[in-house]
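The following explanation leads through selected side-chain arrangements. Please consult the sequence and the model side by side while reading.

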Amino acid sequence: MTFLSYLISGISLGSVYAIIALGYTMVYGIAKMLNFAHGDVIMVGAYISFCTTSYLGLSPLVSVLLAIVVCTVLGIVIERLAYKPLRQAPALAVLITAIGVSYFLQNAALLIWGSSSKTFSSVVGDWSIKLFNDQLTITGVTIVTVLACVVIMVALTLFTTKTKLGTAMRAVSEDKGAAQLMGISVNSTISLTFAIGSGLAAIAGVLLCSAYPMLMPTTGSMPGIKAFTAAVFGGIGSIPGAMIGGILLGIIEIFAKAYISTQLSDAVVFAVLIVVLLVKPDGLLGKRVSEKV
Amino acid sequence: MMKKALSLFLAAAMCAGMLAGCGGGADTNEATNGDSGESTAAAFKIGGTGPLTGDAAIYGNAVKNGAQLAVDEINAEGGVQFELKMEDDENDPEKAVSAYNALKDWGVQLSLSSVTSKPAEATATENFADRIFALTPSASSTAVTEGKDNVFQMCFADPNQGTASAEYIADNQLGTKIAVIYKNDDVYSSGIYEKFKAEAETKGLNIVSTTTFTSSSATDFSVQLGEAKAAGADLLFLPIYYQPASLILQQAKSMGYAPKFFGVDGMDGILTLEGFDTSLAEGVMLLTPFNADAEDEKTQSFVTKYKEQFGDVPNQFAADAYDCVYAYKAAIEASGATPDMSAEELCDLMIQTFPTLTFDGLTGEGVTWDSTGAVSKSPKGMVIQNGAYVGM
């Protein structure tokens with residue numbers, strides 16, 4: 001029974017990582033850049049939702065929609081101002097810019113919302129399912145997060161494979177130059193990618209803070225890093241990979257805490273990651289793309 | 001076109017940065033400008049470093065505000081005059097040393113050391129080498145004062161809290177089976193835990209479960225709580241800050257585990273956490289030197305003024321900083337120090353004076369220091385009832 005309850009905790013933690021990792025992998029898969037500011041867009045999304053529910057008294061659903069709108073716009077603006085001018089620059093320059101944007105967002109949040117942390121009230125509500133004479137508890141947030149993860153994963157996969165815009169995205173990810181020659185607008189495609197990635201970040205932020213209701217300007221950074229690890233674990237660029245990677249990472253983390261040592265849990269998580277990457281360098285579901293010279 | 005947009009953005013970012021700088025520093029500037037007309041030469045320059053931005057900014061800003069309030073009050077009275085400067089160290093030891101050097105260039109005479117333990121360990125070494133006297137409001141690690149004759153603490157050191165907590169639990173028979181969750185990448189938390197464990201053994205307390213977490217895993221506590229529950233612990237000792245503690249309380253409730261919770265001074269602040277359901281903290285016990293709800297006149301007037309000026313309920317850090325400035329005032333009056341003395345002369349005077357002082361402040365009556373720099377004051381046991389602290 002304790003095994004099952006730890007498994008549920010693991011899935012609950014992992015589904016939060018997974019939903020963040022989906023945004024990471026989406027942007028990386030198309031734009032081929034690591035958007036380290038993703039974690040901070042999550043934080044902004046959570047703050048928007050917090051403010052609209054606590055100060056304006058709007059319903060949770062409206063607050064989530066507002067957060068999505070704000071984050072989508074924010075994502076497009078960040079892309080336009082910070083990343084687009086660097087489209088021809090080396091990948092390293094873009095990476096450093098992303099770290100800069102991450103600090104910018106954190107400090108902007110510090111100025112706007114202050115340094116004291118806030119307790120987020122769950123948008124999902126406080127219900128939970130109890131099984132086996134109350135020995136097992138599955139919280140509503142876990143169920144909603146896992147469902148949201150699956151829905152987003154399926155929707156993204158369908159979008160990138162079945163729609164015209166999605167096909168354009170894949171074309172851009174394979175070869176920007178050739179895509180442009182085929183009449184695809186590279187800039188607007190990448191903007192769209194950021195818009196979708198940031199919209200997902202808003203959902204991730206709201207669900208992250210519903211599950212672990214501590215909101216401060218640095219809320220997004222550590223889960224962001226863990227989710228990035230999850231995306232690499234699952235094979236960065238692969239949409240189902242991000243989900244599987246995230247959930248596995250959460251389960252490994254909880255099991256390492258429960259059965260090895262709470263002190264060593266992070267070390268165990270990253271040791272597993274190293275082993276996986278040694279055996280499968282592209283992650284669990286990653287595809288090896290050979291560079292043509 | 002693209003370049004233009006970029007440069008516009010950069011210019012905007014720079015302006016924002018400058019405005020931000022002004023915003024943060026405005027109150028200090030005003031205060032110092034206010035007195036500089038009549039008393040620049042006659043004011044003691046006190047300064048410290050603390051996290052004014054970043055993760056731990058709540059503590060740095062509380063200290064800054066608390067100290068500023070005391071300085072304004074003292075300056076308004078006439079007599080001893082102070083000039084205060086707080087530099088940002090982002091809770092980073094290296095940045096704390098640069099911030100310390102900036103204060104040294106400014107001509108700091110009496111230091112407030114640093115707000116948090118790790119930076120304070122770094123700046124205290126500099127204080128010792130430069131012979132600048134330091135009194136830290138809140139850096140509670142023993143390494144801050146150890147082997148340094150001119151570094152003193154206003155807060156009680158971590159070990160004292162651990163020992164006092166174990167004594168309190170044993171003497172009042174609060175629990176028979178005790179579980180501990182502490183943060184093992186934090187000297188504050190692990191320092192308290194070590195002493196708690198030692199004292200618990202001598203008092204015959206039974207610790208049935210000890211688990212840890214770190215900054216990077218401070219979200220999910222289901223395993224730690226699960227172990228404590230499985231071990232049948234009826235008291236959970238939490239030598240941690242209130243942010244992770246609030247998550248622990250919430251997760252314990254959702255898994256239907258209701259032991260007694262016992263915290264230390266880091267738990268102070270949980271009731272003012274915005275959006276926090278205070279019913280979760282009902283019955284939580286903690287040892288703290290300061291209680292914003294205390295009825296005495298001194299605390300009441302401090303809390304009212306602080307709320308008026310900064311819009312928050314002051315926490316223990318603000319109270320400690322306020323006491324630091326008043327302790328300096330008391331020491332200066334007792335020793336006859338004058339603002340034209342060099343930092344080194346003041347340092348020698350303060351080293352002689354502090355161990356002889358008996359100080360009444362917000363965080364304790366009859367506070368004394370021994371020559372190692374450690375403070376002696378007794379923590380008060382509090383329990384949270386109906387969303388407020390009540391003395392135990």
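**Surroundings of a threonine and aromatic pairs**

Apart from its neighbours within four places in sequence, Thr363(B) is in contact with Met154(B), Pro289(B), Phe290(B), Ala319(B), Asp320(B), Asp323(B) and Lys377(B). The model is predicted. Thr363(B) belongs to the loop between strand 11 and strand 12 (364–369) of chain B. Its relative accessibility is 1%, and Thr363(B) therefore counts as buried, the limit being under 20%. With Asp323(B), the contact includes a polar one between the two side chains, at 2.7 Å.

Aromatic rings form a second theme. A pair of aromatic rings is described by the distance of the centres and the angle of the planes. Over all chains, a search of the whole structure finds 30 aromatic pairs. In one of them, the ring centres of Phe133(B) and Phe354(B) are 5.1 Å apart and the planes lie at 25°, so this pair is stacked. The pair links distant parts of the chain, 221 residues apart: Phe133(B) is in strand 4 (residues 133–136) of chain B, and Phe354(B) is in the loop between helix 11 (343–353) and strand 11 (359–361) of chain B. Phe133(B) and Phe354(B) are both buried.

Tyr168(B) and Phe262(B) form a tilted pair, with 6.2 Å from centre to centre and 40° between the planes. Here helix 5 (residues 158–171) of chain B, which holds Tyr168(B), is linked to strand 9 (residues 260–263) of chain B, which holds Phe262(B); the two residues are 94 residues apart. Both Tyr168(B) and Phe262(B) are buried.

Ring pairs also join Phe133(B), Phe152(B), Tyr328(B), Phe354(B), Phe359(B) and Trp369(B) into a cluster.

Notes:
Residues are numbered from 1 along each chain as its sequence is written. Chains are lettered from A and ligands numbered from 1 in the order in which they are written. This is a predicted model: local features need pLDDT of at least 70, side-chain atom pairs count only at pLDDT 80 or more; totals for chains, interfaces and linings use all residues. Side-chain values use heavy atoms; hydrogens and water are left out. Rings of Phe, Tyr and Trp (its six-membered ring) pair if their centres lie within 6.5 Å; planes under 30 degrees apart count as stacked, over 60 as edge-to-face and the rest as tilted. Helices (H or I, at least four residues) and strands (E, at least two) are DSSP runs, numbered from the N terminus. Buried means under 20% relative accessible area, exposed over 50%, partly exposed in between (1.4 Å probe, protein chains only). A polar contact is a pair of N or O atoms within 3.5 Å; within protein, one must be able to donate a hydrogen and the other to accept it, and residues adjacent in sequence count only if both atoms are side-chain atoms. Contact means heavy atoms within 4.5 Å.
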